[in-house]
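This report goes through a structure with two chains, one topic at a time. Please keep the sequence and the 3D view open while reading.

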Amino acid sequence: MKYIIKKFFSTIVTLVVVSLCVFLAFNVIPGDPALRKLGTEASQELIEQTRQQMGLNDPLLVRYVRWFTSFLHGDMGTSYNYNVPVAGMIIDKIPITLTMAVMSFLLTILVSIPLGIATAKHENGLLDKTITITNQIIMAIPPFFSGILITFIFGMIFKLFTPGGFVSYTEDMSKFIRYLIFPSVAIALPKIAMTVKMLRSSLLDEAEKDYTRTAYSRGNNTSGVLYRHVLKNAMIPVITFLGMLLADMVAGSIVIEQVFSIPGISRILLASISNRDYPVVQAIIMGISAIVIVINLFVDIIYRIIDPRIEIAE
Amino acid sequence: MEIILDVTDLHIEFHDHELPETVVEDFDLMLGKGEIVGIVGESGSGKSMSALAIAGLLNRHSMEKTGKIMFNGDNLLTCNRNKLRTYQGDEISIIFQEPMTSLNPVKKIGWQVEEPLFIHHPEISKTDRKKRAIAMLESVGLENASEVYNMYPHELSGGMRQRVMIAAAMIGNPQILIADEPTTALDVTVQAQIVELLKKLNREMGTSIIFISHDLSLVRQLCQRVIVMQKGVIVETGNTENVFRNPRDPYTKKLIAAIPKIDLGD
């Protein structure tokens with residue numbers, strides 16, 4: 001419990017530091033928001049007045065605290081381009097991107113753990129060799145390309161989904177999920193390959209350890225040794241890896257959303273970057289960072305539950 | 001004396017390289033009920049390999065094992081793996097040289113001590129298992145047994161971990177305990193305690209012990225009979241005192257001469 005509280009505080013500190021970095025980065029980037037808002041034709045007085053109004057003349061720290069506290073209250077600023085609150089622009093896009101990330105993550109776990117175990121259990125068997133080769137190929141294919149292939153094969157040949165026919169979750173939940181399965185597969189494929197490889201080698205490493213010999217000496221069969229002893233130990237590095245993957249999937253869905261024409265966060269993000277709509281970019285980056293940091297908190301907590309040695313090491 | 005283990009002509013050969021490598025040759029061992037036999041020799045003499053073979057833990061593909069290890073009417077070298085497993089941990093137990101790494105780091109001590117019962121005697125209830133595990137932890141000399149029961153290996157010292165290993169090995173009341181250099185990794189004072197503990201368990205539970213060591217003085221303290229091995233071959237065997245007083249083989253003489261003697265001066 002003490003550990004969790006400690007981790008929780010360090011998470012908050014990390015969040016504050018990250019927010020400071022994000023804030024500073026967007027202050028360093030050239031361009032005057034007031035000018036941006038009014039256009040180049042505006043008079044000097046009007047610009048000055050607007051700067052005053054927007055609080056741009058306040059010291060940096062004051063502006064940061066104001067930005068951060070309003071961010072916490074859900075006010076993420078106003079879009080330069082559309083002059084509407086950023087929160088409203090992205091709030092209904094977040095579930096789309098998150099659902100896709102979570103689906104790819106679940107898919108990765110559900111497929112890679114049994115496969116990793118199977119390949120390690122039958123090391124150098126036919127299945128192991130087949131999967132090792134397949135893994136190499138899949139890892140080399142970037143998601144956008146497998147996305148195109150999936151669209152072509154499952155969308156156009158087998159007609160399992162209509163490419164471009166995205167249905168929002170507000171309209172039909174089941175159709176929404178069904179459409180997202182295919183992009184999720186595209187995101188998950190290389191991650192599955194990596195996780196299988198990682199779990200396999202982790203299991204084989206653990207199988208060489210002394211405690212495995214002890215387990216056999218007690219009359220355990222291979223399954224007993226694997227599931228009762230080795231798996232939990234082998235999962236420790238894999239969990240760290242899965243945590244990084246989940247964070248990566250949130251950020252990595254940007255390309256895939258383009259390939260499958262999904263109106264998620266990425267579309268707004270890309271548009272805002274090219275339009276220099278900084279408040280939107282800032283909000284999305286902050287959001288993605290926050291998600292990544294929170295995922296890390298969970299990974300640390302799960303870690304602690306699995307590995308009793310952590311507490312002493314702290 | 002009733003013979004419970006009879007090893008004859010044990011031959012172990014590795015096929016890792018082009019030429020086969022013989023690690024144990026013509027190994028014979030008869031173990032009586034309640035007897036403690038020592039196997040001594042320097043590293044690479046094949047003593048641990050013989051022990052692992054008896055415990056059924058030599059299962060690499062690239063090796064050849066011939067001979068007979070007769071236990072309870074079965075040849076452990078050729079019998080069915082399932083049959084072998086019914087003996088492992090229940091009738092034949094083993095403890096190792098490395099107490100620091102021989103326990104599973106993510107499982108509680110109690111769970112690990114109970115495991116042989118869980119595997120071989122599923123009819124024993126959970127509460128009874130726990131009772132027996134705590135009693136066993138007490139009898140191997142762990143004073144706060146019920147606390148140790150809920151601890152993890154990293155919270156214990158090397159000596160305590162070796163005691164836990166012994167508790168797990170003895171919980172099924174096995175006929176044979178193989179101790180493969182159980183004290184090598186421990187402090188000298190702890191070494192003596194572990195040897196005393198093995199003596200006590202042998203006396204109280206009647207378990208036969210195969211004690212493997214390169215430390216002749218420990219073997220002399222503990223074992224009635226001793227087997228001296230060099231380069232995979234038994235060079236001398238007999239009553240421990242006789243071997244120590246009148247070593248016949250030059251290698252045994254060298255080993256005995258190598259025991260550091262305390263010079264009390266004049």
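## Terms and numbering

A residue is called buried if 20 or more other C-beta atoms lie within 10 Å of its own, exposed if 12 or fewer do, and partly exposed in between, with C-beta atoms placed from the backbone. Helices (H or I, at least four residues) and strands (E, at least two) are DSSP runs, numbered from the N terminus.

The model is predicted: local features need pLDDT of at least 70, side-chain atom pairs count only at pLDDT 80 or more, and totals for chains, interfaces and linings use all residues. Residues are numbered from 1 along each chain as its sequence is written, while chains are lettered from A and ligands numbered from 1 in the order in which they are written.

## Chain A

Chain A has 14 helices and 0 strands. Its C-alpha trace spans about 85 × 55 × 30 Å along the principal axes. Of the 314 residues in chain A, 31% are buried. Two residues are in contact if their C-beta atoms, placed from the backbone, lie within 7 Å. Among the contacts in chain A with a separation of 6 or more, 72% are between residues 24 or more positions apart.

Domain bounds come from an automatic or database domain assignment. For chain A this gives domain 1 (2–88) and domain 2 (94–263). The C-alpha centres of these two domains of chain A lie 38 Å apart.

## Annotated spans of chain A

An unreviewed UniProt entry carries the annotation "transmembrane region" for residues 12–29, 94–117, 137–161, 176–194, 238–260 and 280–299 of chain A. UniProt positions are given here in the numbering of this report, feature names are shortened, and annotations may be inferred rather than shown by experiment.

Residues 176–194 of chain A are 100% helix and 0% strand, and the end C-alpha atoms of this span lie 28 Å apart. Residues 280–299 of chain A are also 100% helix and 0% strand, with end C-alpha atoms 29 Å apart.

The UniProt annotation "domain: ABC transporter", from an unreviewed entry, covers residues 5–256 of chain B. This span is 38% helix and 26% strand, and its end C-alpha atoms lie 28 Å apart.

Two strands pair if DSSP finds at least two bridges between them. In chain B, 4 strands form an open sheet in the order β2-β1-β4-β5, with antiparallel pairing. The edge strands are β2 and β5 (74–75) of chain B, each of which pairs on one side only. Helix α1 (residues 47–54) of chain B packs on this sheet and touches β1, β2 and β4 of chain B. The direction of α1 makes about 120° with that of β1(B); axes are lines fitted to C-alpha atoms, for helices over the stretch in contact, and angles run from 0 to 180 degrees between N-to-C directions.

Strand β1 (residues 3–14) of chain B is joined to β2 (residues 21–32) of chain B by 8 bridges. β1(B) and β2(B) form a hairpin, with 6 residues between them. Ile3(B) has Gly32(B) as its bridge partner in β2(B), and Glu13(B) stands opposite Thr22(B). A further 8 bridges join β1(B) to strand β4 (residues 63–71) of chain B, where Val7(B) stands opposite Ile69(B).

## The six-stranded sheet of chain B

Another open sheet of chain B has 6 strands in the order β6-β7-β8-β3-β9-β10, and its pairing is mixed. The edge strands here are β6 and β10 (233–239) of chain B. Neighbouring strands of this sheet are turned by 15° against each other on average, direction ignored.

Strand β9 (residues 225–230) of chain B runs antiparallel to β10(B), and 6 bridges join the two. In this pair Met229(B) stands opposite Ile234(B).

## Helix α3 and the contact between the chains

Helix α3 (residues 109–120) of chain B is mostly covered, with 10 of its 12 residues buried. Among them are Ile109(B), Val113(B), Leu117(B) and His120(B). The buried residues of α3(B) pack against α2 (81–87), α4 (126–139), α5 (145–148) and α6 (158–170) of chain B.

Between the chains, 23 residues of chain B are in contact with 19 residues of chain A. On the chain B side, the elements that give two or more residues are α2, β6 (92–95) and α3 of chain B. Which element gives the most to this side? It is α3(B), with 4 residues. The residues of the chain B side divide into 10 nonpolar, 9 polar and 4 charged. Ala, Val, Leu, Ile, Met, Phe, Trp, Tyr, Cys and Pro count as nonpolar, Asp, Glu, Lys and Arg as charged, and the others, Gly among them, as polar.
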